[in-house]
Amino acid sequence: MEKSNLPIIEIKNLSFSYNRNKILEDINLKVYERDFFAVIGANGGGKSTLLKLILGLIPIQSGAIKIFGENLNRRNLHKVGYVPQNTNINTEFPIKVIEVVLMGHIGTKRPLFGYAKDEIRCAMGALAQVGMDKFADKRIGELSGGQRQRVMIARALCANPKILILDEPTASIDIEGQRRIYSLLKELNRSITVIVVSHDISVILEYANKIVHINKKLIFHNLSDKDRDRLDRAGHFCEVELFKIFNIIGSFSNSLIKKIFNNILNKNITIITNIT
Ligand SMILES: Nc1ncnc2c1ncn2[C@@H]1O[C@H](COP(=O)(O)OP(=O)(O)OP(=O)(O)O)[C@@H](O)[C@H]1O
Ligand SMILES: [Mg+2]
């Protein structure tokens, strides 16, 4: 599939406040077809707020967001699938996996009247995509956290999105489960653009090709070929920056930073951060 050179999401000079409290300031970002974007940053930094603005769930106050070259509208938002943070599915509620996925059909939340055959076929297809089709008739409460998250991804896939946005899909999932989810996202990324908020930096770096760090502000930092050449020789330039990034998020050992740093070099990852 040919990639388009035009950004599929373009954010310009976006600022947002809750009750006069500035949450996001002058955000500029371009997302291209089949990017795998990791959004990282400390708690309360504005990551979920940014995703909600992109999804049109909260109104834009200043700046602009375009999806597929247009301001947010029903048509382009239909091309975006969303797995929200803390999907508080009541695990006691006797709802089946297939029913949860069927809820992903936009505008067809009508279980009282039943679903159309093609909707069920599509939901089963989405479950197969995430490797959960065998669980279709199980109650959602019978699944593990990681399996439940895969069902939530299937639910978002049901609407056949071009962009998939996930807000911490691996929170409280063990490392093995995280890798399974990220591998699945990587697989989906062959045809779908993926934006995922994550605190699991050491894992996400193995999968993402671009990283954005948000803490109210965001500054673009691109690891160009020139930077990489310089790194090959000096080996310091970005390590310091990375150290600053990871220091903000938590304390990491130098060897882990080195490992992450090597991943970045080897994988040609672009770092976008707000380090000043
Ligand atoms: N509905 C709201 N009303 C007022 N303030 C809010 C609201 N939602 C979020 N906030 C505040 O906005 C800031 C950013 O919140 P947001 O949820 O975007 O952070 P986050 O980066 O996603 O954090 P986390 O990593 O904990 O999920 C926080 O200070 C939060 O308290
Ligand atoms: Mg959040």
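A crossover is right-handed if, with the strands pointing away from the viewer, the path from the first strand over the helix to the second runs clockwise. Keep that in mind for the first view below. The model is predicted, so local features need pLDDT of at least 70 and side-chain atom pairs count only at pLDDT 80 or more, while totals for chains, interfaces and linings use all residues. Residues are numbered from 1 along each chain as its sequence is written, and chains are lettered from A and ligands numbered from 1 in the order in which they are written.

**View 1. A right-handed β-α-β unit is built from β7, helix α6 and β8.** Helix α6 spans residues 175-188; helices (H or I, at least four residues) and strands (E, at least two) are DSSP runs, numbered from the N terminus. Strands β7 and β8 (residues 193-197) run parallel, with five bridges between them; two strands pair if DSSP finds at least two bridges between them. Look for I163 facing T193 in β8.

**View 2. Strand β7 (residues 163-167) is mostly covered.** Five of its five residues are buried, that is, 20 or more other C-beta atoms lie within 10 Å of their own, with C-beta atoms placed from the backbone (12 or fewer would be exposed, and in between partly exposed). I163, I165 and D167 point one way, L164 and L166 the other. In a regular strand the side chains alternate between the two faces of the sheet. β7 also pairs in parallel with β6 (residues 80-83) over four bridges, and here Y82 sits opposite I165.

**View 3. Eleven names to find around ligand 1: Y18, I23, G41, N43, G44, G45, G46, K47, S48, T49 and Q85.** Each has its C-beta atom, placed from the backbone, within 6 Å of the ligand. Helix α1 (residues 47-54) gives the largest share of this shell, three residues. By type, two are nonpolar, eight polar and one charged; Gly counts as polar here.

**View 4. Helix α1 has K47, L50, L51, L53 and I54 as its buried residues.** These lie on the same side of α1, because they cover an arc of only 160 degrees around the axis, taken from the directions from the helix axis to the C-beta atoms. Their cover includes β1, β2, β3, β4, β7 and β8. After α1 comes G56, with a positive phi near 70 degrees.

**View 5. Four strands form an open antiparallel sheet in the order β2-β1-β4-β5.** Its edges are β2 (21-32) and β5 (70-71), each pairing on one side only. Between β1 (residues 7-18) and β2 there are eight bridges, and S17 has K22 as its bridge partner.

Terms used: Contact = placed C-beta atoms within 7 Å.
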